[in-house]
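Biologist: I would like a close look at a single part of this model. Please take me there step by step, and then show me what else stands out.

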Amino acid sequence: MNKVRQPAPQLEGLVPYDPKYLPAEAYLSANENPRDVDAEVRADIARRIAAVPLNRYPDPLANRLRDLIAEANGLARENVLIGNGGDELLFDLALAWGGPGRKFLNLPPTFSVYAANARLTNTACVDVPRRDDFSIDEEAVLRRLAAGDIDFVIVTSPNNPTGERAPLPFIEQLLNATDALVMVDEAYFEFSRETVRPLLDAHENLVILRTFSKAFSLAGVRLGYILASPWVIDQFAKVRQPYSVDAVSQVVGEAVFQNRARFEPGIREIIEERGRVQEALRAIPGVRPYPSDANWILFRMEGADAAWEYLYERGVLVRDFSHAPGLEGCLRATIGTPEQNDRLLAGLRAFVAARAEERARAARASA
Ligand code: PMP
């Protein structure tokens with residue numbers, strides 16, 4: 001037959017996720033670590049990969065990596081599940097706690113994948129928008145949860161793309177106020193130095209999401225994990241793809257996790273650079289950076305889309321949110337190496353100066 005029937009109706013109007021990755025000299029668009037895994041850890045990785053039997057299926061649950069992560073977090077293997085990136089575990093969340101007739105509470109603007117997963121699984125998405133300064137409208141969230149019909153919530157801390165972490169007392173209040181599953185997405189917690197891990201022992205309804213893609217420089221490998229009670233982990237295990245975490249990724253994750261102290265200086269440099277870039281952005285006329293606990297800074301400015309273009313023409317790729325709902329006029333720049341950050345700042349200063357010059361010329365011409 002030379003025709004095909006329509007796919008599932010929830011796909012209508014859905015656009016595949018697009019990271020808007022374009023060739024550039026300074027990649028400051030995807031919140032990756034600017035530094036790749038160092039040579040010694042790479043050599044360790046190569047040795048381990050050489051010993052992996054490629055003809056055999058991997059351990060479905062990646063138990064060796066599970067044990068390493070469990071131990072580091074004062075937990076047992078049964079409290080940990082590894083995924084093919086945090087993205088897989090986010091999809092598993094929607095499969096396990098969502099579905100027709102079920103409801104997800106979202107706090108936009110936030111990571112767009114959450115709402116897309118809800119849609120794919122026919123889960124209703126209930127929005128409680130953030131305030132103008134992107135802080136969570138805590139009273140509105142608690143009020144909405146009090147209705148008792150929400151099945152799961154995601155609180156992103158620090159929140160992508162706005163940058164700030166969620167207040168710990170609020171998360172605790174939330175966990176006490178509802179029996180909905182509360183996922184705290186800590187994909188960037190290594191840069192905020194704050195975790196809700198201590199709340200796990202007394203809250204069966206908490207699940208923490210983390211990733212190897214950011215602080216541990218492994219965006220290319222696809223490894224993420226959740227921490228939760230054994231019962232919650234079991235529910236995720238029911239919906240996951242049996243062999244989603246391949247044998248090569250498992251040993252790469254083990255090598256990196258066992259060498260995680262070596263990533264600490266890089267994390268520290270990103271945190272220091274974040275402070276420097278924040279101040280420098282604030283000093284550029286018309287640029288309004290938002291506070292950040294993560295490895296990027298979101299900023300608002302006039303002519304944001306033209307500024308994106310101007311930077312891109314000069315080799316600097318940042319993420320353009322200027323037409324995203326609630327983020328009008330915003331660009332997001334990942335903290336890179338000091339040299340990359342200088343390039344970003346020089347580009348923005350030049351853009352703003354050129355615009356001011358243009359305006360002055362126009363004013364003279366019309367005078
Ligand atoms: N959560 C948030 C908030 C993110 O920004 C990302 C990465 N963009 C993820 C989860 C998933 O990351 P990964 O799949 O690379 O582990």
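Where is the place of Pro158?

Modeller: Keep in mind that this model is predicted. Pro158 sits in a loop. Strand S5 (152–156) is on one side of that loop, and helix H6 (168–177) is on the other. The peptide bond from Ser157 to Pro158 is cis. Its omega is near -5 degrees. Why point that out? Most peptide bonds are trans.

The chain has another cis bond to look at. The peptide bond from Pro108 to Pro109 is cis, with omega near -5 degrees. Pro109 lies in a loop too, between strand S3 (103–106) and helix H4 (113–120).

Next comes a backbone angle. Most residues other than glycine have a negative phi. Arg193 is not a glycine, yet its phi is positive, about 60 degrees. Find Arg193 in the loop between helix H7 (189–192) and strand S7 (206–211).

Now zoom out to the domains. Where they meet, 27 residues of domain 1 are in contact with 25 residues of domain 2. Together the domains bury about 2100 Å² between them. Carbon and sulfur atoms account for 62% of that area. Three residues of domain 1 stand out here: Phe263, Asp293 and Trp296. They supply 31% of the area that domain 1 buries against domain 2, more than any other three residues.

Last, turn to the ligand. Some side chains reach the ligand with polar atoms. Asp185 has one 2.6 Å from a ligand nitrogen atom. Thr211 places one 2.6 Å from an oxygen atom of the ligand. Arg222 also has a polar side-chain atom 2.6 Å from a ligand oxygen atom.

Technical notes:
Residues numbered from 1 in each chain as written. Predicted model: local features only at pLDDT ≥ 70, side-chain atom pairs only at ≥ 80, totals over all residues. Heavy atoms only, no water. Polar contact = N/O pair within 3.5 Å; in protein donor to acceptor, adjacent residues only side chain to side chain. Contact = heavy atoms within 4.5 Å. Buried area = accessible area lost by both parts, 1.4 Å probe. Helix = DSSP H or I, 4+ residues; strand = E, 2+ residues; numbered from the N terminus.
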